[in-house]
Amino acid sequence: MLLTFNNVQKKFKEKQVLAGVTFEIDEGESIALIGPNGAGKTTMIRSTLGLAPIDGGEIVRNFDTRKDVGVMLQHDLFPDNLRVKEVIELHKSYSKSKVSTNVLLEAGDLVKEAKSMVQSLSGGQKRRLSFALSLAADPKLLFLDEPTVGMDVTACRMFWNKIREIQEQGKSIFVTSHHLDELNDYCRRFIFLKDGKIIADVRKEDLNTQKVIVVHHASAEEAVDLQRQFGGLVEDRKLYVMDPNKHSILCSYLQQQGITFEERLKEVKDCYREIYDIKEEEGVKQA
Ligand SMILES: Nc1ncnc2c1ncn2[C@@H]1O[C@H](COP(=O)(O)OP(=O)(O)OP(=O)(O)O)[C@@H](O)[C@H]1O
């Protein structure tokens with residue numbers, strides 16, 4: 001195992017942020033850590049890196065947090081008065097990196113900005129520089145905390161394509177993001193945090209065997225009426241029915257009534273709906 005969390009506890013004053021987190025990561029896994037604001041995702045990453053001491057349980061690391069790890073934290077901190085290329089070279093010197101500066105500039109799509117002062121970079125360009133730096137030591141494990149915040153569409157695509165290349169080299173990725181579609185497309189395992197605990201641990205291959213029926217409606221009343229009959233979750237005038245036992249009868253009914261619907265594979269955003277919406281607001285949104 002590359003990383004093991006065994007009943008990990010973490011408090012900030014009286015607030016229990018991690019309340020017994022247990023899981024294991026194998027080498028080569030790409031894991032998305034998912035949860036609403038304040039769920040404890042960053043705290044988990046910081047604890048793993050030894051930046052936030054834990055109050056109970058244990059973290060077993062089969063890697064060196066200085067040599068084997070690349071990190072993109074949520075907030076970028078760069079030295080002042082340096083050019084992009086100089087920041088990369090400085091960072092490389094810490095880890096005695098043999099990765100070429102040009103390779104890192106290309107990874108961050110910053111070749112044109114190599115001579116720009118770091119302070120003059122836009123928010124998205126700073127994220128790209130942070131990504132380039134995370135690769136400087138040719139790490140076997142990458143921790144990425146909301147990496148694509150501020151990146152434009154093209155930068156996001158380049159970023160995720162690079163992540164795919166890194167995955168194909170057998171390296172491990174541990175990423176948090178609120179962009180569920182990106183996680184769905186690029187990660188293989190999804191860990192959902194709620195109330196300081198892992199509430200679901202879902203693999204992509206499991207999602208690929210499950211379906212969701214989405215009914216598009218003219219009015220919210222119709223959606224609620226269908227929900228009364230078939231269950232599911234109403235959101236933005238759409239009804240999502242994930243229970244496979246309801247699918248056949250629902251499809252027949254919708255076809256009979258001439259109501260438009262879509263049947264598609266279950267995605268990470270559907271799990272999110274189930275975990276954080278349906279269960280929290282019972283009565284309004286029932287499974
Ligand atoms: N240094 C700290 N001191 C006190 N409380 C903290 C500290 N760091 C985090 N917390 C609290 O711990 C909880 C979890 O924070 P954390 O940053 O881990 O959440 P998160 O899931 O990463 O959220 P987000 O999606 O907003 O980034 C929050 O309630 C936060 O206020």
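Of the 287 residues in the protein, 33% are buried, a residue being counted as buried if 20 or more other C-beta atoms, placed from the backbone, lie within 10 Å of its own. The model is a predicted one, in which local features require pLDDT of at least 70 and side-chain atom pairs count only at pLDDT 80 or more, whereas totals for chains, interfaces and linings use all residues. Residue numbers start from 1 along each chain as its sequence is written. The secondary structure comprises 10 helices and 13 strands, taken as DSSP runs (H or I of at least four residues for helices, E of at least two for strands) numbered from the N terminus. The C-alpha atoms occupy a box of roughly 65 × 45 × 35 Å along the principal axes.

The domain assignment, which comes from an automatic or database source, gives domain 1 (3–206) and domain 2 (210–278), with C-alpha centres 35 Å apart. Their contact, defined by C-beta atoms placed from the backbone and lying within 7 Å, takes 13 residues from domain 1 and eight residues from domain 2. On the domain 1 side, helix H6 (180–186), strand E8 (189–194) and strand E9 (197–203) each supply at least two residues, and H6 gives the most, with four residues. This side of domain 1 has nine nonpolar, one polar and three charged residues, where Ala, Val, Leu, Ile, Met, Phe, Trp, Tyr, Cys and Pro count as nonpolar, Asp, Glu, Lys and Arg as charged, and the others, Gly among them, as polar.

Residues up to four places away in sequence aside, Leu 33 touches Lys 41, Met 44, Phe 174, Thr 176, Ile 191 and Leu 193.

Both Lys 41 and Met 44 are among the buried residues of helix H1, a helix that is mostly covered, with six of its eight residues buried. Lys 41 also belongs to the residues that surround the ligand, including Phe 12, Lys 15 and Thr 43. Strand E2 (15–25) and H1 (41–48) are the elements that give two or more residues to this shell, and H1 provides the largest share, three residues.

Note on methods:
A residue is near a molecule or strand if its C-beta atom, placed from the backbone, lies within 6 Å of it. Two residues are in contact if their C-beta atoms, placed from the backbone, lie within 7 Å. A residue is buried if 20 or more other C-beta atoms lie within 10 Å of its own, exposed if 12 or fewer, and partly exposed in between; C-beta atoms are placed from the backbone.
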